[in-house]
Amino acid sequence: MTTRFSLTIAALVAAFSLAACSPSSEGGGSDTIFTSEYGTVKDSGYSIPAVPISKVDKRFHRQIVSYSTKEKPGTIIVDTPNRFLYLVLPGRKAVRYGIGVGKAGFAWEGEAYIAWKQQWPTWTPPREMIDRKPSLAKYGKDGMQPGLTNPLGARALYLFNQKGEDTLFRLHGTPEWNSIGTAASSGCIRLMNQDIIDLYERVRPGKSARVIVKQ
């Protein structure tokens, strides 16, 4: 292979990579925007429906953004007022996800860590929720089995406090993509299923997996 031919191939590969990753003018200054990542997903025997992403405000599409913080890479920062979740990356960058947050009276702020994570989790409503909505009592013992209609979606990350106690708050998926950007949950932080799968793969549970929730 000649040197000139090798250089030509390298140039083509580089051009393709830039075309695949570069944000459009709609990226809002993001390094990369993953608007194309919301199609149908086959996962553990389930077929997660595509999100009609054109109906979701582009601010809430997963993207790599510039982000200055003193927190270490791997830290998750939840910006509740603006409905964003940031996963801090090296080099003053972060992965930013759109989220749905707790409605009035259910908001929570503070620090926790991801004690464990689960694919296709069972959902067990807390007693307080059952008291508010008695029809959920049937799930109080064994929980709702995993599935496309399960409120925790395709993945859940479980938040514990520094004493090792379950906060009962979760970062989780949701089939209700139209709740992203709103305050509609019972306090947990919800992401589109395609986004929680992405976040799940990037996070390793343990006390170093800090989560900071800001109101």
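What is the relative accessible area of Trp116?

Modeller: The relative accessible area of Trp116 is 37%, so Trp116 is partly exposed. In this scheme, buried means under 20% relative accessible area, exposed means over 50%, and partly exposed is in between (1.4 Å probe, protein chains only).

The model is predicted: local features need pLDDT of at least 70, side-chain atom pairs count only at pLDDT 80 or more, and totals for chains, interfaces and linings use all residues. Residues are numbered from 1 along each chain as its sequence is written, and side-chain values use heavy atoms, with hydrogens and water left out.

Next come the rings. Rings of Phe, Tyr and Trp (its six-membered ring) pair if their centres lie within 6.5 Å; planes under 30 degrees apart count as stacked, over 60 as edge-to-face and the rest as tilted. By this rule there are five aromatic pairs. One of them is Tyr67 with Tyr86, which is stacked because the centres are 4.2 Å apart and the planes lie at 15°. Both Tyr67 and Tyr86 are buried. Trp116 pairs with Tyr158: the centres are 3.9 Å apart and the planes are at 5°, so this pair is stacked too. Trp116 belongs to strand β9 (residues 110-119) and Tyr158 to strand β10 (residues 155-160), so this pair links distant parts of the chain, 42 residues apart. Strands here are DSSP runs of E of at least two residues, helices are runs of H or I of at least four, and both are numbered from the N terminus. Tyr158 has a relative accessible area of 6%, so Tyr158 is buried.

Two strands pair if DSSP finds at least two bridges between them. Strands of a sheet pair through backbone hydrogen bonds, either parallel or antiparallel. For β9 and β14 the sense is antiparallel, over five bridges. Ile114 stands opposite Gly206 in β14.

Glu111 and Arg210 form a salt bridge, with 2.7 Å between the closest N and O atoms. A salt bridge is a side-chain nitrogen of Lys or Arg within 4 Å of a carboxyl oxygen of Asp or Glu. Since Glu111 lies in strand β9 and Arg210 in strand β14 (residues 206-214), the pair ties together parts that are 99 residues apart in sequence. With a relative accessible area of 45%, Glu111 is partly exposed; with 24%, Arg210 is partly exposed as well.

The charged end of Lys117 sits over the ring of Tyr200, 4.3 Å from its centre. A charge sits over a ring if NZ of Lys or CZ of Arg is within 6 Å of the ring centre and within 35 degrees of the ring normal.

The helix with residues 193-202 is α3. Arg202 is partly exposed at 39%, whereas Asp198 is buried at 17%. Salt bridges with shared partners join Arg62, Asp195, Asp198 and Arg202 into one network. Asp198 also bridges to Arg62, the closest N and O atoms being 3.4 Å apart. The whole structure has ten salt bridges.

A nonpolar core is a set of buried Ala, Val, Leu, Ile, Met, Phe, Trp, Tyr and Cys residues joined through side-chain atoms within 4.5 Å. The largest core has 28 residues, and Ile76, Leu85 and Leu199 touch the most other members. Contact means heavy atoms within 4.5 Å. Apart from neighbours within four places in sequence, Leu199 is in contact with Ile76, Leu85, Leu87, Tyr97, Leu157, Leu171 and Leu191.
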